[in-house]
Amino acid sequence: MPSVDIKLTNRNTSVGSDIKLTCSISGNDLEIRWYKDKQPIDAERNASKYRITQNDGLSCLEIKSADQQDAAVYRCVAANRNGEVETSCLVTLYDVPSNKFGTPPIFTRNIRDAYHSHENRLTLECKVSGNPKPTVYWQKDNTRLDSESKKYQYVDLADGITQLVIESPEPGDTGLYTCYAESESGQMKISKFVDVSDYKPKLPEMRVAQKDTGDVVTMAEKSDKTMEEEREERQERKLRSMDAKFKLTVETPMKPMVMASGTKAQLICYVSGFIEDVYWLRGNERVTKDSRHKIYNINGALSLEIYDARPDDTAQYKCVVKNSRNSVECVCDLTIYDSAAKKLPSSFSSPVTATFDADRCEIILSCMLHGRPTVTWIRDDHTISNNRYRVLEELGGISKLIIRNPIPSDCGTFSCFAETNERIEAITKIIRINDLKKLMAAAAEQEMNGFGAPKPPIPSLRDEELEEQGTFSARKSLGRSIPTGRKPLFSSLLHDRTMTEGGNLRLSCSVVYDGQTTVEWTKNGRALPNDSRYYTTFHN
């Protein structure tokens, strides 16, 4: 009958991570099946999501880019003609809070240690995530370890796993090891006290002397006094390790924040040490979780998120962190101003304005700032990572967010954050679909009325050159090189569509043009075939 040698263990990880569930089952002629809740997992049909492997009695299920729908009870069932056994585990996922500068580094696994006796090598391993990918370095006590030395090696593995390899560990390598993860989104650290004597067997110190008669005499290992001193020293190191573990330290304090109403205010601080209790205060009143207030505590990244912030949310907020020995506090003054008011935060000298550049087909959001703060643009409370978006800094404190080839999904709430050493301030601009259409229509009207930039004279072309160039340009941008007084201009654009097979598809756009413009539809860069399935019409 099959037997389970290594059972599945429960997993709790962040959304977007890859999960690997492994168990060991022994038996002859085994048929192994994996289940999610009560549904069998078909890895062949869902190869982009699941991967199942069998190797030397180990059965492994890999879940790629896990999301909240992957939270479930997973079972591995093994059967042969003698019977059936199974092992199960619970997989839970949590959302990693992202601040306006990306996702801060977060350790998702504590430091693990392993001594490899055949190589005389000690390995410390932990797992970290963050966006952008954090830079990792190690420290022993108060000394940073050189990754290029022969003694220490830094190893980066897949899925955010990082290792410190210590070659030929000695008693002098005993100490408090700390792994730091840093990025522009923040810094985190995790520590573990390492006692080399716990890994290497304590072999007696043998001294051999040879008598004239040839007999071998063994000397005493060590004196009782020396052994007692070693025990006291080891106990003292453990006490220091315990004190270091319970010590609470605010790694990144919070800065005063000034934000517009209607946006999400996120207060976040980083505390290292053993955390037993965390709560937030608004003045002297405790903040509780509800539909507008979310509280997170993920490996020392402590955050309070206030959705749809209002002017009456203005207050002093305090994060209190405690354990049985220590407590620390982190304070932030939050100011929420009415977004409809004309008053601006002190870092800004103008509000966010939106314009449309018809020549480049770009939406330009711009504002003017005082001084030289660090500027970050976000959309709908998320960091911008679209390759059609780019940020441009100009002389005079002007910051611009440029959106190339805008589409309806680009609409939303845009915020410009200015961070200095003293505070963080932000202003917002809401772009709706109607606003997008108005900007494009206004640019088209300006173009038709002749208020655009003067056009260079167009050289005369032979008929065959004109036909070839006009066809090419019409496919690219609706006749940009056609000899006419003003070039055509799209006032509404096409956007991607997903359809069921066999359905009718209708694509539409709006264009401003004069009587000399040629309009042509293309598919994959080629003119539409002469087919009754395609039908083009023009209205108004």
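# A walk through sheets and cores

Start by selecting Thr-252 and Tyr-270: in β22, Tyr-270 is the bridge partner of Thr-252. What you have open is a predicted model, in which local features need pLDDT of at least 70 and side-chain atom pairs count only at pLDDT 80 or more, while totals for chains, interfaces and linings use all residues. Residues are numbered from 1 along each chain as its sequence is written, and side-chain values use heavy atoms, with hydrogens and water left out.

**Stop 1**

Now colour residues 265-272, which form strand β22, together with β20; the two pair in the antiparallel sense over 3 bridges. Strands here are DSSP runs of E with at least two residues, helices are runs of H or I with at least four, and both are numbered from the N terminus. Two strands count as paired if DSSP finds at least two bridges between them.

**Stop 1: another open sheet**

Move along to β29-β30-β34-β33, the order of an open sheet of 4 strands with antiparallel pairing. β29 (353-357) and β33 (389-394) each have a single partner strand, so one side of each is left without a neighbour in the sheet. From one strand to the next, the twist averages 25 degrees.

Zoom in on β33 and on β34 (residues 398-404), which are joined in the antiparallel sense over 6 bridges. Select Glu-394 and you can find its bridge partner in β34, Ile-398.

**Stop 2: the nonpolar cores**

Next, show the side chains of Phe-356, Leu-365 and Cys-367. Of the 28 residues in the largest nonpolar core, these three touch the most other members. Such a core is a set of buried Ala, Val, Leu, Ile, Met, Phe, Trp, Tyr and Cys residues joined through side-chain atoms within 4.5 Å. Buried means under 20% relative accessible area, exposed over 50%, and partly exposed in between (1.4 Å probe, protein chains only).

Elements that each supply at least two residues of this core include β21 (257-260), β30 (362-368) and α2 (433-448). The most comes from α2, with 4 residues. Domain 3 (250-337) and domain 4 (348-449) both contribute residues, so the core lies between them; the domain bounds come from an automatic or database domain assignment.

Stay with Leu-365: leaving aside neighbours within four places in sequence, its contacts (heavy atoms within 4.5 Å) include Trp-377, Leu-401, Phe-414 and Ile-431. A second, separate core has 27 residues, among them Ala-265, Val-271, Tyr-317 and Cys-319.

**Stop 3: Pro-105**

Jump to strand β10 (residues 103-116), where Pro-105 lies. Is Pro-105 buried or exposed? Its relative accessibility is 0%, so Pro-105 counts as buried. Not counting residues up to four places away in sequence, Pro-105 touches Val-128, Pro-134, Ala-181 and Met-188, among others.

**Last stop: the whole view**

Zoom out to see the protein with its 3 helices and 40 strands. Of its 540 residues, 36% count as buried.

Terms used. Axes fitted to C-alpha atoms, helices over the stretch in contact; angles between N-to-C directions.
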